[in-house]
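Subject: Structure for your review

Dear colleague,

Please find below the structure I am handing over to you.

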Amino acid sequence: MPYPRNLDDTVVVKDITPELTTLSCPFGRVVVEIGARAAVIKAKFTDGPGIILVSPIPICDKSVNALQNLSVKYLIAPNMVHYMALREWKEKYPAAKIVGCKSLSSVKLKALGIACDIEISDFDKILTAKELNMTDIADEEELKLIVIGGHQNRELVTFHGKSKTIVVGDLIFNLPPTEQYSLSKLGFLDRALYATGVGSYLQSKIPNMLFKNGENGDLALNELLNLDFENIVMCHGDTIVRDAKSFYTGFFKAVL
Ligand SMILES: [Fe+2]
């Protein structure tokens, strides 16, 4: 099942810090339920507080309430495959600027009738908000982005300085997706699959599966370690709060 029809009944809203809230819900790919998660970042802009929404889940009452009546300034697509909910958010918040990696507009968003306002073509390098021309963000240390060019899905990692958090799409998984199914239930097949340790197996394979012949992948992954992060908010699996660099280096031990 992709997203559940009764989304509001299943979305878990959690404040990681006062400036960072996660919206977690069920989501399935092929036969495996892996969950989905959006990150709502409250930031200071030159005209007051606003929202940076990373990897949005579809609109529902809970996701809109999490914005606390602030306007959405940026919608960030974390890679070439997490983009389906962008159109409905752009329609609801037309002033929001869409941020994505090179080719997202031409390959994926064009069919939805939307486009990136900021498209990042400089890969494997940490870029500040100022370098990305996101000059309305009051503190340029608040947001940094890096595209992992060697990743199969061309992963765009968001670093939020105030909460010391990186937000990723398919770069890192932490299965089973316990929080994402805490208000609903995993199906029998998925419970059985995860009981066999399929989550750990998938995680051990992902670093090699998702990188194209190691093309700059290890360089970009090492570059990411230069960011001062303590938490990892990921789309698939449970959020890592505190000591996230140990998890990160363990996850990528095969390629770092
Ligand atoms: Fe994904």
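On helix H8, the exposed residues Ser246, Thr249 and Gly250 lie on the face turned away from the buried side. Helices (H or I, at least four residues) and strands (E, at least two) are DSSP runs, numbered from the N terminus. A residue is buried if 20 or more other C-beta atoms lie within 10 Å of its own, exposed if 12 or fewer, and partly exposed in between, with C-beta atoms placed from the backbone.

Two remarks on conventions are in order. The model is a predicted one, in which local features need pLDDT of at least 70 and side-chain atom pairs count only at pLDDT 80 or more, whereas totals for chains, interfaces and linings use all residues. Residues are numbered from 1 along each chain as its sequence is written.

The buried residues of H8 (residues 244–251) include Ala244, Tyr248 and Phe251. These residues cover an arc of only 70° around the axis, which puts them on the same side of H8; the arc is that of the directions from the helix axis to the C-beta atoms. The partners against which the buried residues of H8 pack are helix H6 (198–209) and strand S14. Contact here requires that the C-beta atoms of two residues, placed from the backbone, lie within 7 Å.

Helix H7 (residues 217–224) contains Asn222. Asn222 counts as partly exposed because it has 13 C-beta neighbours inside 10 Å. From Asn222 to Phe252 the C-alpha to C-alpha distance is 10.0 Å, at a separation of 30 residues in sequence.

**The chain as a whole**

The chain has eight helices and 14 strands. Its radius of gyration is 17 Å, close to the 18 Å that the globule rule gives for 256 residues, so the chain is as compact as a globular protein of that length. That radius is taken over C-alpha atoms, and the globule rule is 2.2 Å times the number of residues to the power 0.38. The C-alpha trace spans about 50 × 40 × 35 Å along its principal axes.

Of the 256 residues in the chain, 46% are buried. Among contacts between residues at least 6 apart in sequence, 57% join residues at least 24 apart.

Two strands pair if DSSP finds at least two bridges between them.

Seven bridges link strand S5 (residues 36–45) to strand S6 (residues 48–54) in the antiparallel sense. Within this pairing, Val40 has Leu53 in S6 as its bridge partner.

**The five-stranded sheet**

A further open sheet has five strands in the order S10-S11-S12-S13-S14, again with mixed pairing. Its edge strands, S10 (127–128) and S14 (231–234), each pair on one side only.

Six of the six residues of strand S12 (residues 155–160) are buried, so S12 is largely enclosed by the rest of the structure. Glu155, Val157 and Phe159 are buried on one side of S12, and Leu156, Thr158 and His160 on the other.

S12 pairs in the antiparallel sense with strand S11 (residues 143–148) over six bridges, and Val147 has Leu156 as its bridge partner. The hairpin of S11 and S12 has six residues between the strands, and Arg154 in the turn has a positive phi of about 50°. S12 also pairs with S13 in the antiparallel sense, over three bridges, with Ile166 in S13 as the bridge partner of Phe159. Four residues lie between the strands of this second hairpin, where Lys164 takes a positive phi near 50°.

S13 (residues 165–168) and S14 run parallel and are joined by four bridges. Asn231 in S14 stands opposite Thr165.

Leaving aside residues up to four places away in sequence, Ile232 touches Ile166, Val168, Ile172, Thr239, Ile240, Ala244, Phe247 and Tyr248.

With kind regards
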